[in-house]
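Open the model in your viewer and keep the selection tool ready.

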Amino acid sequence: MKERGKGGQPSVDERYTQWKSLVPVLYDWLANHNLVWPSLSCRWGPQLEQATYKNRQRLYLSEQTDGSVPNTLVIATCEVVKPRVAAAEHISQFNEEARSPFVKKFKTIIHPGEVNRIRELPQNSKIVATHTDSPDVLIWDVEGQPNRQAVLGASDSRPDLILTGHTDNAEFALAMCPTEPLVISGGKDKSVVLWSIHDHISAAAVDSSSPKQGMVSGTAKQSSKSSGPNEKVLESPSIGPRGIFKGHSDTVEDVTFCPSNSQEFCSVGDDSCLILWDARAGVEPAFKVEKAHNADLHCVDWNPHDQNLILTGSADNSVRLFDRRNLTSGGVGSPVQKFEGHKAAVLCVQWCPDKASVFGSSAEDGFVNIWDLEKVGRKKEYVGKKVPNSPPGLFFQHAGHRDKVVDFHWNTSDPWTIVSVSDDCGSTGGGGTLQIWRMSDLIYRPEDEVLAELEKYKSHILSCSSKS
């Protein structure tokens with residue numbers, strides 16, 4: 001007999017079994033991909049091809065190894081099945097220990113140290129930035145980088161550009177600007193650092209004797225062959241920062257740009273602070289919320305549809321919504337809404353690109369929760385039994401992971417499609433699980449549309465029954 005969890009709650013295995021039985025009802029499509037090594041980040045890259053039933057798209061992952069083989073940045077090709085194509089009875093028939101036929105490794109880059117975070121440049125998503133356990137940010141032209149074999153003793157791939165400026169390790173806080181090729185990062189030095197990739201391209205263009213190639217013009221670029229033991233390894237070009245912003249009193253854990261203004265950004269940290277910055281006004285905080293949460297802050301995201309709304313996630317298990325119109329420079333600022341649906345530290349928050357009021361959150365409890373601001377405070381008459389203690393605003397809970405969900409990313413090319421990844425070291429002793437999923441559109445579409453469609457199917461079923 002299976003043991004129950006704490007307080008009579010279902011165990012992780014029981015919860016997972018129940019979830020898997022509901023997959024054909026809850027999801028339009030789902031792919032499960034077993035990872036030999038954990039990936040601490042997952043990001044969508046550019047869409048490559050559109051076909052009748054599925055699209056092909058790049059996917060960026062990593063392999064955090066135990067040292068027996070190198071750490072890697074993985075460029076994969078993913079086939080994303082289009083809405084209402086996959087048969088319901090097929091999407092739940094997967095083997096948890098197998099790799100998905102929808103995800104194939106395209107290229108491996110041997111990364112100098114483990115990959116803690118991956119972020120793509122919105123203007124050219126073939127350019128990605130990575131964080132590792134060092135003060136530097138590494139920039140990669142993933143299409144131009146040679147494919148490498150990740151074997152013990154192999155030399156590291158050479159970044160196309162290194163961003164310097166931190167004085168201590170910068171491990172997680174990383175963002176790239178939606179409107180210009182700018183990068184921000186935060187670290188253990190309690191600072192937020194801003195760079196422009198244009199600074200490198202401009203400086204390199206002065207050196208007219210060097211050929212222009214790939215993202216970085218004017219600097220020697222690594223050859224397609226990896227360097228042998230007796231070959232001189234060329235150093236990567238580097239640039240210093242545009243600005244260093246100080247206002248935190250502890251490690252900066254996450255940063256994000258204002259979607260509509262490249263000079264405005266915000267940061268959160270282990271000091272429980274949310275800080276808004278304006279590079280035009282100098283390197284001091286523009287607004288600072290001293291006690292945004294009751295514990296360390298892990299993540300932040302700025303609404304791409306409404307530049308006044310900012311989400312934060314914390315080790316206090318909650319997500320909070322701030323309206324910057326309510327903030328003052330005196331450190332006063334209360335959240336306009338608190339979302340308390342997780343049972344462990346929140347690790348990632350992100351607004352949905354397809355609907356302004358919707359966002360997702362993932363946590364160490366193994367869930368990805370999908371919320372809708374429009375559903376907060378709305379009283380409804382439920383048919384049948386109401387879900388007990390359902391947190392306000394929560395309308396979907398992805399329970400396909402059995403350990404902490406360290407990252408997820410909405411797909412801007414395929415609406416309502418999400419990639420999420422869990423680090424399964426705590427539950428299985430190693431590896432990770434990557435899932436690509438899209439909830440049934442009956443869950444998020446307007447209620448009158450859904451009822452009309454269901455009524456149509458009801459009439460069709462009744463007519464078929466009468467004929468038989």
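A nonpolar core is a set of buried Ala, Val, Leu, Ile, Met, Phe, Trp, Tyr and Cys residues joined through side-chain atoms within 4.5 Å. Buried means under 20% relative accessible area, exposed over 50%, partly exposed in between (1.4 Å probe, protein chains only). This is a predicted model: local features need pLDDT of at least 70, side-chain atom pairs count only at pLDDT 80 or more, and totals for chains, interfaces and linings use all residues. Residues are numbered from 1 along each chain as its sequence is written, and side-chain values use heavy atoms, leaving out hydrogens and water.

**Cores.** Select Leu59, Ile370, Leu434 and Ile436: they have the most contacts inside the largest nonpolar core, which has 42 residues. Now centre on Leu434. Residues it touches (heavy atoms within 4.5 Å) include Ala31, His33, Leu59, Val103 and Val421, leaving aside residues up to four places away in sequence. Next, pick Leu182, Ile184, Val255 and Phe257, which belong to a second, separate core of 15 residues.

Move to the open four-stranded sheet, order 19-20-21-22, paired antiparallel. Strands (E, at least two residues) and helices (H or I, at least four) are DSSP runs, numbered from the N terminus; two strands pair if DSSP finds at least two bridges between them. Strand 19 (297-302) and strand 22 (337-339) are the edges; each has a single partner strand, so one side of each lacks a neighbour in the sheet. Select Ile310: Phe322 in strand 21 stands opposite.

**Loop.** Finish at Ser236, between helix 3 (197-206) and strand 13 (238-239). Is Ser236 buried or exposed? Ser236 counts as buried because its relative accessibility is 15%. A polar atom of its side chain lies 2.7 Å from the backbone oxygen of Pro159.

How values were computed:
Polar contact = N/O pair within 3.5 Å; in protein donor to acceptor, adjacent residues only side chain to side chain.
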